[in-house]
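Here is a set of questions and answers on one structure.

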Amino acid sequence: MMGTKVFGCFLLLAASCCHVAAVRAADDADAQEQAALQAAVNRVAPAVVQIETVGGQEKVEGVLFGTGPTTGLAVDPRGYIVSSAFNFLNKPTSILVRLADGRRKSAKLVASDHSRMVVLLKIEAEKPLPVCEIAPQHEMRVGQWAIAVGRTFESEQPNMTVGILSAVERISGKALQTDAAVSPNNYGGPLVDIRGRVMGILVPLSPDASGGVAGMEWYDSGIGFAIPMEQIRQVLPRLEKGEDLHPGVAGIHLKGPNLYVGPAVIAACHPQCPATAAGIRAGDEIVEIDGRRIVRGVEVKTAIGRHYAGDKMRLTVLRGKERLEREITLAETLEPFQHGFLGVLPMRTAEEKGVTVRYVYPKSPAAAAGIAAGDTLVSLGGKPIAGRIEMIEQISALEPGAAVEVEVRRGQSLRNLKIVLASLPELLPPSDLPPATDVRKQAETTAPRVGVVSMKTPEYANEVLGYVPDAPASGSPRGVVVWLHGRGGFDRKQLLAEWKPLCDRYRVILVAPKSKNPAGWMATDAALVDRLLTEVNSKYQVDPARVVVDGYESGGSIALLSAFSNRESIRAVAAVEAAPLTPPLENEPLHRLAVYMASAAKSPWAAAIERAVATMRQMKFPVVVKKLGTASRDLNAAELAELLRWIDTLDRI
Amino acid sequence: MLLFATTTFASLSDTIDQVQSKIVKIYGAGGYRGMEAYQSGILISPDGHILTAYSYVLDTDYITAVLADGRHFEAKLVGADPRLEIAVLKIAAAELPYFDLHRAVKAAEGERVMALSNLFGVAVGDEPVSVQRGTISVVARLEARRGVFETPYRGPVYVLDVTTNNPGAAGGALVTRRGELIGILGKELRNSLNNTWLNYAVPIDELRRSVEEIRSGKFVAQRDPQADKKPRRSVDLGLLGIVLVPDVLERTPPFVDRVRPGSPAARAGIRPDDLIVLSGDHLIQSCKALRSELEYIDYEDEVKLTLLRDQELLQVTLRPLRDVNPPKKEQP
């Protein structure tokens, strides 16, 4: 007992000696660490400059744009300075650079790198600018010190934030990631290592959005990005010559829906794109890019993402058993893609082969070639037509002006027609369309609930009213309309009274969620639309050619957002008194999207809607424009019936 | 190495324990939407003086101070310095652990620091307040431009690289890793120049005199001599002889459209199409900004402008009074 106590005391004493020594050592370690951090910043400080701008817009992409000083880094003694493109998005009239020694110089924007979001400035320097040592990328290790440096405060010293390197090769290999605080206080400044070598230039970036302010919402969040200085150095000579750099486009569309699973098989190539020019075509599987093995689709995106327009890439593809190697030169932009149109509506019957013509559009190529309702389209380009959906896909992959050979059967006679495709119509259909299905009815084998149903999903609190027309005619799947209400929600009874007869007539499932916020919908609600579509698809047999999102006011904006972000499943969008929240993405050969925009002359969004229509038409989306008279309102009964009739023609070929 | 690491943590947590004993949670007025009824403070004397932020929270007769051991005290407001946005409270207690303001230290860029405060009111009862670690980003002055920061304080601050200045944090302590007091966390401030939140603390050096005066009852609220005061009569563009381009945009760049012959501007060599970029050392980003900037310059003073002409920066000095009316000034 006694012995234990003495022993215990001794231990305690030893521990406290050890403790004192350890505290001193820790103090020393702290002091050394601090000295190292300060020394690192001091090494780059002379090259870190403050940038001030005069004039320019007040808002950029809806974000209030600060006028505050920003940061740049001298990269060449002759007066070249790099900075973040974010700092110049408001297109200032004049740029002033304040050097580390306090001298102010006027600067010119020489060139912009739109892929990596950095810019090059030039000042007339009387004496050479101090430049920094660059950290080689192969030496960078995740977990090492990373110090973000800016010069935006009223101080002789630059401002510094301390963290570690969180990741390398982020965002298509274009960026380093750090947990040091990165914000407008240091955008354009360097991210340096503990030895004071420049690792990269701090920029706002976002993995799933492009544009100048993308990633700004992540400021000071522990997720910051920097463009590796080695990459910037490689393109400096081009930027110095005043050449703007753009992200490269290959024009390849991969088979989806999930790019993280399965091999990188090309679903479609844009008709006038670098890939097509190099002889690559749909069905090819990409197995190597620039000697690197490609296993998943997403790796192709990453590989292209790190390249600029004009860069060459070596693609190795498998075509059947054949292994082909092709060099492609990436483009800056592609001509907008426009879907081809034959001019017929198909019957929705489950015929084994061919497509029976339900209706022929007047003045269409099909009409000119003498095709009539009741004819059966048997083959396309010498290959038998498998069915309605396949034929839509085949014709859609072609552009207006393309010639196709169609074999048509009328009664016992077969005819071969050569038809030149036109573009999809932008007119509403006539009121006397023949029905798309036989009148004979047949019950579904496993009958899910029909009539008025709740489609509430477990993940979302939103109430969802659904109406499912009863068992469809033989082999004919139902269309889907997700309807997003405007201000004030909707009255259940009234909504059903309006929609039920139309849903029954055109065999369309109505899905009407209620927003959680009574004031309207939020951009994040686009995820709810996707979820509801998945739900409907899993329960009912859905016609993939007639999946529509329709909305009024803020519901219309969300409908547009959903449609442009879910091109795989949504075939049409109808927006009533609503403008898009984001600019539309380019049209895709693989997926059609038809647009219906209704607005009143005195709509508060009239100008924005008009701009959106012009943009979408420029991008070759077929847009129906519906005028609603003077005062802002929702569709009336007749207009709704007309809209549903238009939806009934979405499987046009 | 393992032993080293654990003892290092032990020493840091000992330090934190010591500092925690000197931090006070303060509850008072507020509680409405966006106005929290709590903030933080530090003990600055063994007999119950508390230094905290001067805010609406203290705007009540019932201020409660909760010490680290959970004891509640009713606190009396001894006095406040609205210019520094600090206040001193007093509770009836004795032999308390405290920060001696005379032993506070200075910190430099790159120094690792800790911030202790009851941000968001997370700590309740005798729970210790929240500890955050970070680095001094820069020691900078807030005064740069008028209206940039909504605070009367115009002195230096420690800018931090960690999100410290949240609701309830004002009045908390910024300390070194050894537990020495460096500064007091300020209220939430938005930097209107780039729309970001500023995380900062005010150095003790800036507060010490005021705190002592408040404690000794000698404090007299004084107008800041450096305050942004407009002169009785200021210069304007007409007086200088400058006509700017029509101000049609939100941020019309201040290009000179015309210069009145014989005016101070003409004498200084200002020409049409010059862009006025600086007044004194202040950046001028628009026609509006130039007009309001001139309101702070007395009509008897010189006006120093920097012009941008063909990518070259030129400095000119305009003497409105002398140039307009030289004989009058010489008259007795």
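Q: In this predicted model, is the crossing of α8(A) past α12(A) left-handed or right-handed?
A: The two helices are α8, residues 492-506 of chain A, and α12, residues 637-647 of chain A. Their axes come within 10 Å of each other. The crossing in which α8(A) passes α12(A) is right-handed.

Q: Which term describes the direction of α8(A) relative to α12(A)?
A: The axes of α8 and α12 of chain A cross at roughly 25°. Angles under 35 degrees count as roughly parallel. The crossing angle therefore makes the direction of α8(A) relative to α12(A) roughly parallel.

Q: Which residues of α12(A) meet α8(A)?
A: From α8(A), the residues that take part are E498(A), L502(A) and Y506(A). By class, this contact of α8(A) with α12(A) has seven nonpolar, no polar and one charged residues.

Q: How many residues does domain 4 of chain A give to its contact with domain 3 of chain A?
A: The domain assignment places domain 3 of chain A at 340-423 and domain 4 at 451-647. The C-alpha centres of these domains lie 28 Å apart. Domain 3 of chain A gives seven residues to the contact, and by class these are four nonpolar, two polar and one charged. Domain 4 of chain A gives eight residues.

Q: In what order do the strands of the barrel in chain A follow one another?
A: Six strands of chain A close into this barrel, and their pairing is antiparallel. From one strand to the next, the twist averages 45°. The order is β9-β10-β11-β14-β13-β12.

Q: Which residue of β12(A) stands opposite I147(A)?
A: Strand β9 of chain A covers residues 145-150, and strand β12 of chain A covers residues 190-192. The two pair in the antiparallel sense over two bridges. Opposite I147(A) stands V192(A).

Q: Which element gives the largest share of the side of chain B that touches chain A?
A: In the contact between the chains, 39 residues of chain B meet 44 residues of chain A. By class, the chain B side has 14 nonpolar, 14 polar and 11 charged residues. The elements of chain B that give two or more residues to this side are α1 (2-20), β8 (130-141), β17 (275-279) and β20 (312-318). The largest share is six residues, and the element that gives it is β8(B).

Q: How far apart are the C-alpha centres of domain 1 and domain 2 of chain B?
A: Chain B is divided into domain 1, residues 2-215, and domain 2, residues 237-330. The distance between their C-alpha centres is 44 Å.

Q: Which residue of β10(B) is the bridge partner of L116(B)?
A: Strand β7 of chain B, residues 112-117, is joined to strand β10 of chain B, residues 173-176, by four bridges. These strands run antiparallel. The partner of L116(B) in β10(B) is A173(B).

Q: Which residue takes a positive phi in the hairpin of β10(B) and β11(B)?
A: β10(B) pairs with strand β11 of chain B, residues 181-185, in the antiparallel sense over three bridges. In this pair, L174(B) has G183(B) as its bridge partner. The hairpin has four residues between the strands. The residue with a positive phi, near 90°, is G179(B).

Technical notes
Residues numbered from 1 in each chain as written. Chains lettered and ligands numbered in written order. Predicted model: local features only at pLDDT ≥ 70, side-chain atom pairs only at ≥ 80, totals over all residues. Axes fitted to C-alpha atoms, helices over the stretch in contact; angles between N-to-C directions. Parallel < 35°, antiparallel > 145°, perpendicular 65-115°, else oblique. Left-handed = near helix turned anticlockwise from the far one by under 90°. Contact = placed C-beta atoms within 7 Å. Nonpolar A, V, L, I, M, F, W, Y, C, P; charged D, E, K, R; others polar. Domains from an automatic or database assignment. Pairing = 2+ DSSP bridges.
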